[in-house]
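Here is a short briefing on one protein–ligand model.

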Amino acid sequence: MTHADTRPETAAGAGDDRGTAQLPQVHAARNPGQELDLDWVLSARANTSAIERRAATLPGRRSVKKDHQAAWLLKAITLIDLTTLSGDDTAGRVRRLCAKARQPVRADILDALKMRPITTGAVCVYHEMVPPAVAALEGSGIPVAAVSTGFPAGLSPLETRLREIELSVAAGAREIDIVISRRHVLTGNWQALYDEMRQFRAACGEAHVKAILATGELGTLRNVARASLVCMMGGADFIKTSTGKESVNATLPVSLVMIRALRDYHDRTGYRIGYKPAGGISKAKDALTYLTLIRDELGPRWLQPDLFRFGASSLLGDIERQLEHHVTGRYSAGYRHPMA
Ligand SMILES: O=C[C@H](O)COP(=O)(O)O
């Protein structure tokens with residue numbers, strides 16, 4: 001059993017300035033990208049059975065010592081892109097989500113844990129919901145991330161997708177989650193994928209760009225590895241697993257492949273690119289598995305909001321319940337312990 005013995009490096013901790021919200025340091029230097037290196041891309045392999053075997057051991061092997069669990073859970077909250085991506089989204093729902101992003105943990109729980117206020121990493125919405133989100137988050141330091149480029153399928157005309165990015169940036173989105181054209185991966189057209197990524201990168205201007213690979217639709221882990229590298233070469237600041245709308249979203253095998261591509265890219269270029277697992281991550285224990293995986297594979301530097309986010313719509317609720325249990329020793333009536 002591997003224990004995360006230490007507190008997460010910058011977990012919200014007790015401090016002299018209690019009452020002062022920590023403004024998230026969410027943006028590192030942008031990734032300039034590089035020329036498409038096809039030899040490197042085609043050399044990327046993934047031994048599926050070895051990766052699946054290793055991934056299967058992760059939830060059991062990696063745990064967080066009970067004493068440090070609350071700090072890790074608070075850390076996880078600071079790394080959430082708090083998301084609503086529903087056809088029935090309204091400005092009111094987005095405003096409520098933003099209020100939650102500003103104050104994701106009840107004050108009495110923070111007091112009991114002797115922790116300073118925290119915020120989520122970002123709020124993630126459709127383009128049409130960017131203005132109410134920007135207004136609701138004003139002064140908080142929390143960025144708005146917009147899913148643009150014809151999310152989730154990405155099959156609208158290229159000029160429409162590029163225009164959508166420009167409109168989202170003009171509306172105040174500081175991060176753009178683009179979806180790649182899966183067909184470029186499935187047909188091995190790496191040049192087309194690279195060119196698309198370059199154009200998306202350029203349209204984002206100063207905004208940071210997360211490339212959603214939709215890994216559940218890429219066929220093989222080898223394709224995931226290659227698409228990850230091409231998107232990083234094309235200038236992605238983050239690579240993200242899924243839209244949350246595919247039938248298979250974030251998984252541990254896919255994460256291992258993408259994390260290794262991130263490490264490879266860093267080793268060869270010196271640039272750290274961020275990672276965003278998204279879709280179906282709704283349990284605190286799963287969040288802890290991801291955090292310890294990242295810490296062990298990439299190191300604690302990657303556990304900062306500029307290099308790691310969870311894309312999640314319901315994870316925060318479960319983390320809150322775990323924190324409440326940590327503080328009060330009980331769960332709300334009818335709640336079944338998911339960490340057991
Ligand atoms: O990008 C974020 C995902 O769409 C969220 O997926 P989820 O609703 O399964 O948490």
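The points below go through these topics in turn.

The model is predicted. Its pLDDT averages 90 over the protein. The ipTM is 0.97 and the pTM is 0.90.

**Confidence**
- A pLDDT of at least 70 is reached by 88% of the residues.
- Residues 1-7 stay under 50 in pLDDT. The model gives this stretch 16 contacts beyond four places in sequence.
- Residues 336-340 also have pLDDT under 50. Here the model has eight contacts beyond four places in sequence.

**Ligand shell**
- Thr83, Leu85 and Cys124 are among the residues around the ligand.
- The shell also includes Thr243 and Gly244, as well as the run Ala278, Gly279 and Gly280.
- By class, the shell has eight polar residues and four nonpolar ones. No charged residue is part of the shell.

**Helix pair H11 and H12**
- Helix H11 covers residues 252-269, and helix H12 covers residues 284-298.
- Two packed helices are described by the distance between their axes and the angle between them.
- For H11 and H12, the axes come within 11 Å and cross at roughly 35 degrees. The crossing is right-handed.
- On the H11 side, the contact is made by Ser255, Ile259, Leu262 and Arg263. They meet Leu293, Ile294, Glu297 and Leu298 of H12.
- The residues of this contact divide into five nonpolar, two charged and one polar.

Note on methods. Residues numbered from 1 in each chain as written. Predicted model: local features only at pLDDT ≥ 70, side-chain atom pairs only at ≥ 80, totals over all residues. pLDDT = per-residue confidence, 0-100. Contact = placed C-beta atoms within 7 Å. Near = placed C-beta within 6 Å. Nonpolar A, V, L, I, M, F, W, Y, C, P; charged D, E, K, R; others polar. Axes fitted to C-alpha atoms, helices over the stretch in contact; angles between N-to-C directions. Helix = DSSP H or I, 4+ residues; strand = E, 2+ residues; numbered from the N terminus. Left-handed = near helix turned anticlockwise from the far one by under 90°.
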